[in-house]
Amino acid sequence: MPMLAVLQAAFNVNQPSIQLPFITNRWAVGAFFLIHIIFGSFTMGSLVLGPTYEWIGLRREDPRFERYARTLGNVNLKIFSLGATLGGFAVLVVSGLYGKFFTTLITIFFWPAVVAFTIWFFTIGGLLLYNLRWDRMQTRKGLHILIGYGTAATEHLFLVIIVALDSYMLTPGQGIGAFFNASYVPELLHRFVGNLSWASFFIAAVAAVYAAVSPHPTNRVYFHWAARTSLVVGFLSLIVQVALGAVLVESIKQASPGAFQYSLQGPFAWLWLIQATFIAILLIGTNLYFAQSRRTPAGPALTAIAIVGSLLTMLPAAAYPRSVFWLRYIALAVAVLVSLIHWLISRPQGRALGQELRRASQITLAVTGASALLVFLLMGVIRETARSNYTIYGVMTEQDSYGIFQAPSKGYYP
């Protein structure tokens with residue numbers, strides 16, 4: 001009965017840990033979570049943007065905002081389950097490949113995790129109510145918008161809890177400090193704004209594609225408006241995100257200096273240069289779009305200054321002597337400030353944005369949208385690789401994370 005023996009061995013509790021060839025366990029888990037984050041973070045960002053645009057449309061009596069908000073609601077209704085399913089599958093992979101780590105982490109955060117996954121029932125109910133009762137609540141817009149924000153709040157309660165687990169792995173604490181650890185608040189704010197930023201940039205790219213393929217001039221004009229509106233929101237929130245990112249890095253530096261040094265000087269330090277490149281692309285692309293969509297006398301000069309400042313931030317650290325390294329941050333600040341000025345002077349008056357989107361602008365928006373997605377994902381990769389060979393920095397190594405968890409003492413579980 002060799003087959004029976006094989007099956008018995010397969011279900012034996014005492015078997016060696018699973019080691020994936022080629023990509024390794026860490027990168028396999030990371031890949032699953034990155035795919036999940038694409039859908040999950042987009043949903044989180046757009047759940048806030050949707051009712052906000054609906055409210056602006058109500059105040060301004062502008063049907064374009066209503067159309068935009070409703071489109072976002074329909075998209076969320078279609079992709080939310082996919083993001084949640086991918087998240088559940090990612091957790092399954094972690095529990096199988098890192099049994100001891102997973103059990104340790106969930107033991108510490110058991111009740112927060114229960115709340116996090118229970119809250120999805122309220123989020124699903126809110127999504128259905130917000131979208132399927134849109135037409136019936138046309139005379140009760142205030143309540144409808146409130147339902148939209150309430151749904152966003154339940155989804156962000158999940159973010160509040162999950163960020164605690166994520167930040168704990170890099171800057172662990174004790175007791176209540178495990179949840180409210182050193183990098184918790186900066187990472188929470190950084191990810192919240194980041195969801196708004198990359199989602200808006202990506203929506204701008206999608207709107208540009210629709211403007212290019214739509215056969216109806218009216219729709220092309222609408223998609224141009226949607227693209228510009230989304231780009232501006234993505235750009236403004238990007239500025240806040242970069243500032244919060246600096247605060248997050250400083251919190252990691254203070255709480256886990258070893259991880260900070262490993263990230264900046266270790267084998268994955270080149271990821272920071274890639275990140276700087278993507279941020280530069282976002283700033284350059286934003287200025288190019290402003291120059292292409294509404295020409296102004298100062299536009300070319302402002303675009304040139306923004307390009308030079310952005311390129312200077314892409315240079316490796318070796319290009320800056322230690323005594324003048326601060327020039328790198330000055331260059332970034334100048335690029336951001338010039339971009340803000342360019343946006344202000346290129347704004348259309350009232351609802352004057354009536355022309356169709358040019359081919360060059362479509363390409364610019366598509367590139368910036370893709371770059372926004374990549375920079376958002378890369379930030380997560382940088383944070384995870386900073387732990388070196390730890391799954392919980394300074395507490396549990398990757399080697400200690402494999403296998404089946406054994407309770408350290410009798411009575412460990414009630």
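In the second largest pocket, at least two residues of the lining are supplied by each of α2 (24–60), α3 (63–97), α4 (99–108), α5 (110–132), α6 (141–168), α8 (184–213) and α14, where helices are DSSP runs (H or I, at least four residues) numbered from the N terminus. The model is predicted, with local features requiring pLDDT of at least 70 and side-chain atom pairs counting only at pLDDT 80 or more, whereas totals for chains, interfaces and linings use all residues. Residues are numbered from 1 along each chain as its sequence is written, and side-chain values use heavy atoms, with hydrogens and water left out.

A pocket is an open set of points, on a 1 Å grid over the protein atoms alone, where a 1.4 Å probe fits, with protein on both sides within 12 Å along at least five of seven lines, and its lining residues have an atom within 4 Å of a point. The second largest pocket holds about 1,100 Å³, a volume being the space filled by probe spheres set on the points. Of its 46 lining residues, Val29, Phe33, Ile37, Asp166 and Met169 lie nearest the centre, and α2 contributes the largest share, 13 residues.

The largest pocket has a volume of about 1,400 Å³. Its lining comprises 38 residues, with Val249, Leu264, Trp272, Arg328 and Tyr329 closest to the centre. Two or more lining residues come from each of α9 (217–255), α10 (257–265), α11 (270–293), α13 (326–346) and α14 (359–385), and α9 gives the most, with 9 residues.
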